[in-house]
Amino acid sequence: MNSLWPITLASLAKDIRLEWRSKDALNSMLFFSLLVVVIFSFSFDPTAEESREIAGGLVWVAFLFSAIVALNQTWARELRNQVLDAYRVSPAPANALFLSKALGNFILVTLLEAVMAPLFMVFYNLRVVGAAWELIPVCVLGTWALVASGTFFAAMSIRTRMREVMLPLILFPLSIPAIQSMVEATRIILSGDGNPRFWIVLLLTYDVVFTTACLALFETVLQAE
Amino acid sequence: MIETPTIVSVNNVIKQFGRFAALRGVSAEFAAGRFHVILGDNGAGKTTLLRALAGLAHPTRGEVSVMGKSPHEACRDIGYMAHPSLLYDEMSGIENLKYFARLYGISGDERCKHAIRSVGLDPALARPVGQYSQGMRQRMSLARAVLHDPRILFLDEPFSNVDVHSAQEMVGLLRGMRDAGKTIFVVTHQATLLEGVADEFIWLRAGQIVDRTSSSVQSGAGVPQR
Amino acid sequence: MKKAFPILAVLTVLLLAYAFYEAMWVAPTERTMGDVQRIFYYHVPSAWTAFILFFVNLVASVAYLIRKNPKADAVALVSAEVGVIFCTVVLVTGPIWARPVWGIWWTWDLRLTLTLVLWLIYVSYLVLRRFSDSAQTPKLAAVLAIFGALDVPLVYFSIWFFRTQHPQPVIGGGGSIDPRMLHILLINWLAFSCFAFLVCWARYRLEMLKRDVEEAEALESLLDTGTSATIAKGKVSLGGGPR
């Protein structure tokens, strides 16, 4: 276990370096979510009051779709030249790979949120009525919920025939409670209508339960061929 | 012939992929310090056998034992090289090797530079691996496989798509490693390249070992041709 | 074992027929809902049966990960398949009941939504199995099944916040029910459980047979690729029956 964090960091540094050189995932993800925002604003033309009610859902659905793009790229890079095999024959712990990928995706999706959230604010004319600082734990926990389980299921779906298509089919049903929590918490905070604590606690529970399960089962998935 | 100790053994290994079987009851013992060449037609199960030995494929039935342990437990003594480079195209050779060194808990650049020099490449080369020639990439891939100084090397088609000159260089490198005491397994269909170097040819057909010839006794027959 | 199957099949048919008779003619008509309430004798037992099957799926999946026994994997597969069928029955009969009683087809209430999400999870489980043809499908599927089971309490709590119009649970949750209704409900549940078990059993035998055939075909395919004439041990037993 003492080798877990050094290898996690080495793998994360490698991923950041690769992403920095190609910017594949970041660019495609940013552009994708921009498209989602624009299409949403054509599809819904809400008043300021309504948009506060629905923005939570729109924002998180946009992030979820964009995250899928990044999550699929995660493992595509490891499959090229079968580099994953080099990891599998090494004594490095499987969980180091999982953690580095999940952290890498966390950074990517957080970047995306930082860029897209202001855009949403502008397009939907949003103003936070509730306690704005409460959005921070919701964002952190919600993003982790998406990327932790998403990274894990992406590792599973690349082993199927449909690859990229498979990820949302597995991820969406299982992440329903997390998505509902993020959306509800965000809606409550934006509209100042109630207390988001229940949803934040539920989101935290989801994170803890799913992260634990991912760490317990990732080796099985990695060593499956 | 002097009996050398067994280093790798397979016991009645069956490997099945859904409706397709790749290995059909393979049992064999392989001696340490020798150069083993696995030959066979396409689909004979060569690659699957090598992957099972390296711990990358799990037999449906049967057992693989490397130095008395499972391949995964023995992974520090196993070096694996495949036809794809197992390297990140966007990084330079030394960057790649530094990363893989960390996976084995090796820190410091000296080991990586040494490994690159040992395959006849320049550690200072800044070009990303994706822009290497095929021959250079294969050698860099070999450097990655021997980085942690394993006792056993598994190589899958190391000479395919490589010009004759590069292939002969690779063979020379492998011969040197065998002479230094490593056990080497090569899957290939270019047996001629290994004439005079290999200690043993193992013939696979339809997922079974059909023939094993030591180089000492097969001199009359020459290297089997396809 | 082979004899037990037809005996069980006959018993199940008799039990289903008896349960149907009880539900349609013997059970008293509900005062406010009328005859449509009789769907309850199918809706509720289907739900219980589906939940039991999903639980069997979890147990079998964990067992597979621990013991690597292909039989456990087959049990996991068939219980998920049959469970999804029963869950579909629940989701179809629910709205048929809801429309005349509540005036709406669907409502996002606790148990309806939970059932829908369960259905989605296990359909995605079956999709994963369908589209991964590597030898490791059982492992991946077992892992997904564990995640699915972990998800259920979380889904429960998330929907619990929206708890609404659904009638209070009939069993164990207070509410009054005619003892005759309860009696008939339990008979129906027994009949449905037997039926589910029967289907699972048949499906399990089919699955095991299919795997045997695949194994035989796999060995055969291997012989075709090699020039089989020269194989030293020419006669390979294909394990099972004349071909």
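Where in chain B is the place of B:Asn12? Before I answer, a word on what we are looking at: this is a predicted model, in which local features need pLDDT of at least 70 and side-chain atom pairs count only at pLDDT 80 or more, while totals for chains, interfaces and linings use all residues. Residues are numbered from 1 along each chain as its sequence is written, chains are lettered from A in the order in which they are written, and side-chain values use heavy atoms, with hydrogens and water left out.

Now to the residue itself. B:Asn12 sits in strand E1 of chain B, where strands are DSSP runs of E of at least two residues and helices are runs of H or I of at least four, numbered from the N terminus. Its phi is near 50°, a positive value in a residue other than glycine. B:Asn12 has a relative accessible area of 43% and so is partly exposed, the scale being buried under 20%, exposed over 50% and partly exposed in between, with a 1.4 Å probe and protein chains only. B:Met67 also has a positive phi, near 55°, but B:Met67 lies in the loop between strand E4 (61–66) and E5 of chain B, and it is partly exposed at 24%.

Let me turn to the interface of chain B and chain A. Here 29 residues of chain B are in contact with 25 residues of chain A, contact meaning heavy atoms within 4.5 Å. The two chains bury about 2,500 Å² between them, 58% of it on carbon and sulfur atoms; buried area is the accessible area, with a 1.4 Å probe, that two parts lose on being put together, summed over both. B:Tyr88, B:Glu90 and B:Leu103 supply 25% of the area that chain B buries against chain A, more than any other three residues.

Between these chains the count is 4 salt bridges, each a side-chain nitrogen of Lys or Arg within 4 Å of a carboxyl oxygen of Asp or Glu. In one of them B:Arg51 pairs with A:Asp85, with the closest N and O atoms 2.9 Å apart. On the chain B side, the elements that give two or more residues are strand E1 (6–17), helix H1 (46–54) and helix H2 (93–103), and H2(B) has the largest share, 5 residues.

A:Arg17 is partly exposed at 36%, whereas B:Glu95 is buried at 17%.

What about the aromatic rings? The count comes to 32 aromatic pairs over all chains, with rings of Phe, Tyr and Trp (its six-membered ring) pairing if their centres lie within 6.5 Å, and planes under 30 degrees apart counting as stacked, over 60 as edge-to-face and the rest as tilted. The rings of B:Tyr88 and B:Tyr99 have centres 5.9 Å apart and planes at 70°, so this pair is edge-to-face. B:Tyr88 lies in the loop between strand E5 (78–81) and H2 of chain B and B:Tyr99 in helix H2, so the pair ties together parts that are 11 residues apart in sequence. B:Tyr88 is buried at 2%, and B:Tyr99 is buried at 5%.

The interface of chain A and chain C takes 30 residues from chain A and 30 from chain C. The elements that give two or more residues to the chain A side are helix H6 (135–157), helix H7 (166–174), helix H8 (176–191) and helix H9 (197–223), and H9(A) gives the most, with 12 residues.

I will end inside chain C. The side chains of C:Asp73 and C:Arg211 meet in a salt bridge at 2.9 Å, N to O. This pair links distant parts of the chain, from helix H3 (residues 70–102) to helix H6 (residues 179–225), 138 residues apart. C:Asp73 is buried at 3%, and salt bridges that share partners join C:Asp73, C:Glu81, C:Arg129, C:Arg203, C:Glu207, C:Lys210 and C:Arg211 into one network.
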